[in-house]
Amino acid sequence: MLPLVIVNPKSAGGSTRNNWSAIASDLRAHFGPYKVAFTKGPGDGMHLAKAAAESGREFIIACGGDGTINEVANGILESGRDVEFGVLPSGTGGDFRRSLRMPQSSREAARILREAATRWIDVGRVTFQSHSDETVSRYFLNVSSFGLAASIIERVKSNKALDWIPLGGVRGRASFALSTLREVVGIDALTVRVRIDGGEERPLSTVNFCIANARYFGGGMMIAPNAKLDDGFLDVVNIGDIRTAKILMNAYTLYKGSHLDLSEVKSSLAKRIEVSPAQRGDEIHLETDGELPGKLPAVYEAVPHALRVRTP
């Protein structure tokens with residue numbers, strides 16, 4: 001079977017749909033023949049990828065942003081089949097692309113998808129409570145977190161104030177910056193209970209708690225600068241009780257990866273992390289690769305060498 005490209009036409013604020021003819025041309029010229037399927041709504045990428053893998057498709061490529069990449073990877077992993085995975089970047093954030101060192105250019109990415117070697121990478125698996133209080137599991141490639149990042153994403157998704165800006169990428173970045181500022185002002189720390197690798201459960205104060213498989217989240221923030229995609233561990237990064245002014249003054253360190261030098265930031269490696277609200281009845285939402293699938297309590301697990309990916 002020919003490789004299947006699963007395209008999210010709404011990614012990058014609709015730019016993928018507008019630029020698809022040029023992207024498709026680059027892919028044909030520099031990669032070769034392929035089949036294509038377009039997503040129509042949330043979850044389609046996962047269903048299309050799982051069905052394709054189960055039907056014998058050996059190479060599946062995600063064309064879109066981090067949400068599309070997450071869905072397609074979940075479909076492959078849920079199928080249980082040995083399927084090669086590729087990324088054709090066309091999104092706003094591009095965090096997984098950065099960790100893979102994939103270029104943004106569709107022409108250069110197409111060449112890599114044709115010529116590059118396959119690499120086994122780890123993934124994270126999180127089991128949590130859905131918004132309808134069902135216990136569900138999901139894989140993630142980048143980062144899952146709760147606290148400030150989840151609150152920002154929640155505000156971004158509900159904020160329509162900047163819809164007048166015509167360019168999707170510019171609108172997305174502006175909305176993220178505005179939502180970040182609103183959430184940071186007057187922020188309060190959360191209290192949760194955490195158990196790492198079967199150790200003693202301990203209370204923890206956090207502004208933002210991240211479990212990272214890769215290095216980046218939030219559109220280029222290097223939240224876990226030491227994370228490796230193939231070391232068999234998840235990087236745990238906790239930003240503790242920190243004042244608003246210090247967050248604003250040190251925001252640039254998140255892009256450089258130097259925030260680990262702040263006294264309020266702690267990091268460690270783990271294979272299993274169990275987290276629950278400190279108070280029964282507290283509702284703490286989590287985000288996974290930029291989506292908001294549910295809430296705590298949650299169990300995070302490293303899944304070593306789970307996915308074959310074509311990389312530079």
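How much space lies in the largest cavity? About 60 Å³ of space lies there.

## Basis of the report

This is a predicted model, in which local features need pLDDT of at least 70 and side-chain atom pairs count only at pLDDT 80 or more, while totals for chains, interfaces and linings use all residues. Residues are numbered from 1 along each chain as its sequence is written, and side-chain values use heavy atoms, with hydrogens and water left out.

## The cavity

The structure holds one cavity of 30 Å³ or more. A cavity is a set of points on a 1 Å grid over the protein atoms alone where a 1.4 Å probe fits but cannot get out, and lining residues have an atom within 4 Å of a point. Grid points are joined across faces, edges and corners, and the volume is the space filled by probe spheres set on the points.

The lining of the largest cavity includes Gly64, Gly65, Asp66, Ile69, Pro89, Ser90 and Arg97. Helices α3 and α4 (95-100) each supply at least two residues of this lining. Helices (H or I, at least four residues) and strands (E, at least two) are DSSP runs, numbered from the N terminus.

## Nonpolar cores

A nonpolar core is a set of buried Ala, Val, Leu, Ile, Met, Phe, Trp, Tyr and Cys residues joined through side-chain atoms within 4.5 Å. Buried means under 20% relative accessible area, with a 1.4 Å probe and protein chains only. The largest core has 43 residues, of which Phe85, Phe96 and Leu307 touch the most other members. Leaving aside residues up to four places away in sequence, Phe96 is in contact with Asp66, Ile69, Phe85, Val87, Ile121, Leu141, Asn142 and Leu229; contact means heavy atoms within 4.5 Å. A second, separate core of 19 residues includes Phe128, Ala270, Ile284 and Leu296.

In helix α2 (residues 44-54), the buried residues are Gly45, Met46, Ala49, Ala52 and Ala53. They lie on the same side of α2 because they cover an arc of only 140° around the axis, taken from the directions from the helix axis to the C-beta atoms. The buried residues of α2 pack against β1 (4-7), β3 (59-64) and α3 (66-79). Gly56, with a positive phi near 105°, follows α2.

Asp26 belongs to helix α1 (residues 15-30) and is buried, at a relative accessible area of 16%. Beyond four places in sequence, Asp26 touches Phe31, Ser106, Arg107 and Ala110.

## Cysteines

The structure holds zero disulfides, a disulfide being a pair of cysteine sulfur atoms within 2.5 Å. Cys63 is buried, with a relative accessible area of 0%, and Cys210 is buried at 1%.

Terms used: Buried means under 20% relative accessible area, exposed over 50%, partly exposed in between (1.4 Å probe, protein chains only). On a 1 Å grid over the protein atoms alone, a cavity is a set of points where a 1.4 Å probe fits but cannot get out, and a pocket is an open set with protein on both sides within 12 Å along at least five of seven lines; lining residues have an atom within 4 Å of a point.
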